[in-house]
Amino acid sequence: SHGLFLSPQNMVKSFRVSDLQTLLASMGRSKSGLKQDLVGRALRLVQTEYSPELLKNVRQLYETRFPKASAWLAARRPESVPVNYPALNSSPRGTAQGTDYLNDYLNGIPKPAPPPVAEVKLVPLPFYHNLETLLPPTELIAQNSEKLQESQCVFELTPSQVEQIRNSSELRPGMKSVQVVLRICYTDSIGVQEDQYPPNIAVKVNQSYCHVPGYYPSNKPGVEPRRPCRPVNITPWLHLSTVTNRVTITWGNFGKRYSVAVYLVRVFTSGELFNQLKHCSVESPERCRELQDKLRFDPESEIATTGLRVSLICPLVKMRLGVPCRVLTCAHLQCFDAVFFLQMNEKKPTWTCPVCDKPAPFELLTIDGLLSEILKETPEDVEEIEYLTDGSWRPIRDDKEKERERENSRTPDCPVVDICVPEANGHSPAHSGTNQTGKSGSGGASAGTGGTSAGAGGGAVVDLTLDDSSEEEGGGGAEDSEDTDDSQDSPAPKRGRYDYDKDLVPAY
């Protein structure tokens, strides 16, 4: 079979380990593991990210792996159609070398394959979509042996690029959604590079210094503050015209090599990323149940030790989940709130799973459709659920909550003593002696009422459950109790629980 008729999936299946590692590294994925792991990872990548760059890399690797098939395809191509086999990198030099190598091969001239041209690739960022490359990654070259170096780079904006910036919406006052950003990383052609600032960095755009993100303060004693390395927005200091823009970078030369690049980007907000997530990455309840069954029997899964219990409280903000989200590559069912996770990474990008601390890139996030339905069906006081083997689930209430419910629903274990009813010996325990005013209780309804007043004033325990009935039975004795001195300490008999004073306004 030939590459012309092979699908990208079949091409990937024919790759060697080195080819798989090259492909995964070029797309910013991990290249560690056995061959079967690499094949599975590459196939998932082809299925989920069907981009032109990915297809170009797959075809390039296939044609390097099977040059005879590539030659056959070139021979079958009409002479009027130019042959263009781009190298894995996109530099002009690499393209020319790849084409010359193929032409030499077709002409029967044996020649070893050219070594790949070193090219720095920056990792894609979820909040930044590259529109155009204004300056490809270019290494900062030290001019002398001094520790503090100064490097310059220049670029120009086309009229259409200027219009894009001017006509873009504002994320907030003074900040456009289409920006020109400066990115700095280590000079390394292996894999993709994350943003990394050199020491003592300062950026000057057209003679004006621009803001570079500072350090995050550390709350832990003895831990140095960490600096967030992210794209630097240089748009406010640019000439929004065809005039040449000059960027001067001051950096510390301490043995490491750095490269700088400039891009025209579209900046997304956390709300826009959330909308993308809702429309493109929601796992159906059926798929979630299949994952449960898989995790039950996976020895490496955390389910083996934690069981199939899932908390409905977000580990990030300790509040009830709104939109349950997790990472496709994590071995747990516990979710975190998608909205809060995106908002936190918008301000402080870490892209780490808050449950297991493993990488949680945006493209691997998914919304749990099953847990979303459960959250709609459970009351607010349920904080945990358990998945059962038959595919159903049950709520788990907190032990304290259960105890509270039992106390509210059951009758007291100890008997209630009615202080208004005389005992068998003719005396009530609450007023077997004299009351505080020196007057003794006088039996009957009035005695009960007076005893209640004495009990209230003397600190005796009063059964409040008899409040309504005692008022009805002791209605005639209420007038007698007004003559007692201690009646002023007792509450008004008609005072209800929800009877507010006229001058008081409820808080809700």
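In this predicted model, the side chains of glutamate 363 and arginine 29 pair up in a salt bridge, with N to O at 3.8 Å (a salt bridge being a side-chain nitrogen of Lys or Arg within 4 Å of a carboxyl oxygen of Asp or Glu). The two partners come from distant parts of the chain, 334 residues apart: glutamate 363 sits in the loop between helix 11 (338-347) and strand 15 (365-368), and arginine 29 in the loop between helix 2 (17-26) and helix 3 (35-48). Helices (H or I, at least four residues) and strands (E, at least two) are DSSP runs, numbered from the N terminus. Glutamate 363 is partly exposed at 46% relative accessible area, and arginine 29 is partly exposed too, at 21%. Here buried means under 20% relative accessible area, exposed means over 50%, and partly exposed is what falls in between (1.4 Å probe, protein chains only).

By this salt-bridge rule the count comes to ten. One of them links lysine 121 with glutamate 53, the closest N and O atoms lying 3.4 Å apart. Lysine 121 belongs to the loop between helix 6 (92-106) and strand 1 (128-139), while glutamate 53 is in helix 4 (residues 52-65), so this pair ties together parts 68 residues apart in sequence. Lysine 121 is buried at 18%, whereas glutamate 53 is partly exposed at 39%.

Glutamate 380 and arginine 320 form another salt bridge, with their closest N and O atoms 3.7 Å apart. Glutamate 380 is in the loop between helix 12 (369-377) and strand 16 (384-387), and arginine 320 is in the loop between strand 12 (309-311) and strand 13 (324-327), so parts 60 residues apart in sequence get tied together. Glutamate 380 is exposed, with a relative accessible area of 65%. Elsewhere, salt bridges with shared partners join Glu283, Arg326 and Asp368 into one network.

Now for aspartate 195, found in the loop between strand 5 (178-186) and strand 6 (202-205). Aspartate 195 is buried, at 8% relative accessible area. Its side chain makes a polar contact with the side chain of arginine 183 at 2.6 Å (a pair of N or O atoms within 3.5 Å; within protein, one must be able to donate a hydrogen and the other to accept it, and residues adjacent in sequence count only if both atoms are side-chain atoms). Neighbours within four places in sequence aside, aspartate 195 is in contact (heavy atoms within 4.5 Å) with residues including Leu122, Leu125, Cys229 and Pro231.

Residues are numbered from 1 along each chain as its sequence is written, and side-chain values use heavy atoms, leaving out hydrogens and water. As the model is predicted, local features need pLDDT of at least 70 and side-chain atom pairs count only at pLDDT 80 or more, while totals for chains, interfaces and linings use all residues.
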